[in-house]
Amino acid sequence: MVIPLHDNNPTSRRPVVTIILIALNLLVFALVQPHDGGADEARFNYEHAAIPCEISQGAPLTVDELTFGDCDDRGLPSPEIFPSKNVYLAGLASIFLHGSWLHVLGNMLFLWVFGNNIEDRLGPVGFLIFYLFVWVVATLGHVAADPSATVPVVGASGAIAGVMGAYLVFWPRARIHS
């Protein structure tokens with residue numbers, strides 16, 4: 001595996017949006033999201049992260065859906081685990097949640113190496129719109145691949161992949177140093 005450390009593409013302005021996104025991701029992971037590997041982390045992720053089953057049906061998971069691990073309607077009444085959860089806002093929250101320090105630091109490294117150039121090319125507002133657009137596409141693609149999944153989706157990996165794809169389109173011959 002090759003880890004990018006920098007590229008040979010100079011930028012003409014400070015990547016303010018990229019810096020803000022990196023700071024937000026690191027702050028949320030370090031100060032808000034529990035990462036003890038136990039019940040607190042699982043509860044937090046189920047309460048705050050996007051879950052394909054919830055997005056595909058537009059409602060929070062029920063006890064039966066979580067127990068059986070899919071969205072199949074068994075015809076039995078089952079209470080929602082987090083009834084006040086807005087499943088669509090949870091999708092947005094997911095972009096700032098990560099599974100581990102390695103996950104968040106890896107994503108932020110890739111965002112720094114490739115995002116600063118995309119932001120320079122599109123401008124701060126254009127970059128933010130692009131970043132959110134590719135995040136939506138990646139999340140919907142994940143949901144479409146398994147709409148009955150009950151596993152929380154965390155991380156900015158889909159948005160980062162979109163940024164990397166744009167970088168490849170704009171600078172196909174750029175040298176990336178590892």
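**Entry 1: charge over rings**

I looked up R121 and found its charged end over the ring of F170, 4.1 Å from the ring centre. I note here that the model is predicted. R121 also lies over the face of W171, at 5.7 Å from the ring centre.

**Entry 2: aromatic pairs**

I asked how many aromatic pairs the structure holds. The list came to 6 aromatic pairs. I then checked F29 and W101, whose ring centres are 4.8 Å apart. F29 counts as buried at 0% relative accessibility, while W101 at 41% counts as partly exposed.

For F170 I read a relative accessibility of 28%, which means partly exposed.

Which residues make up the aromatic cluster that holds F170 and W171? I wrote down F110, F114, Y167, F170 and W171 as one cluster.

**Entry 3: salt bridges**

Side chains of opposite charge can pair when their charged atoms come close. I listed the salt bridges next and found 2 in the structure.

One of them joins D120 and R13, with the closest N and O atoms 3.5 Å apart. I located D120 in helix 6 (residues 101–145) and R13 in the loop between strand 1 (6–7) and helix 1 (16–32). The pair therefore ties together parts that are 107 residues apart in sequence. Is D120 buried or exposed? D120 has a relative accessible area of 16%, so I recorded D120 as buried. R13 counts as partly exposed at 39% relative accessibility.

K85 and E54 form a salt bridge too, and here I noted 2.6 Å between the closest N and O atoms. K85 sits in the loop between helix 4 (63–68) and helix 5 (87–94), whereas E54 is in helix 3 (residues 52–57). I logged the pair as a link between distant parts of the chain, 31 residues apart. K85 has 10% relative accessibility and counts as buried. E54 is also buried, with a relative accessible area of 2%.

Terms used:
Residues numbered from 1 in each chain as written. Predicted model: local features only at pLDDT ≥ 70, side-chain atom pairs only at ≥ 80, totals over all residues. Heavy atoms only, no water. Salt bridge = Lys/Arg side-chain N within 4 Å of Asp/Glu carboxyl O. Helix = DSSP H or I, 4+ residues; strand = E, 2+ residues; numbered from the N terminus. Buried < 20%, exposed > 50% of the residue type's maximum accessible area, 1.4 Å probe, protein only. Phe/Tyr/Trp six-rings, centres within 6.5 Å; stacked < 30°, edge-to-face > 60°. Lys NZ or Arg CZ within 6 Å of the ring centre and 35° of its normal.
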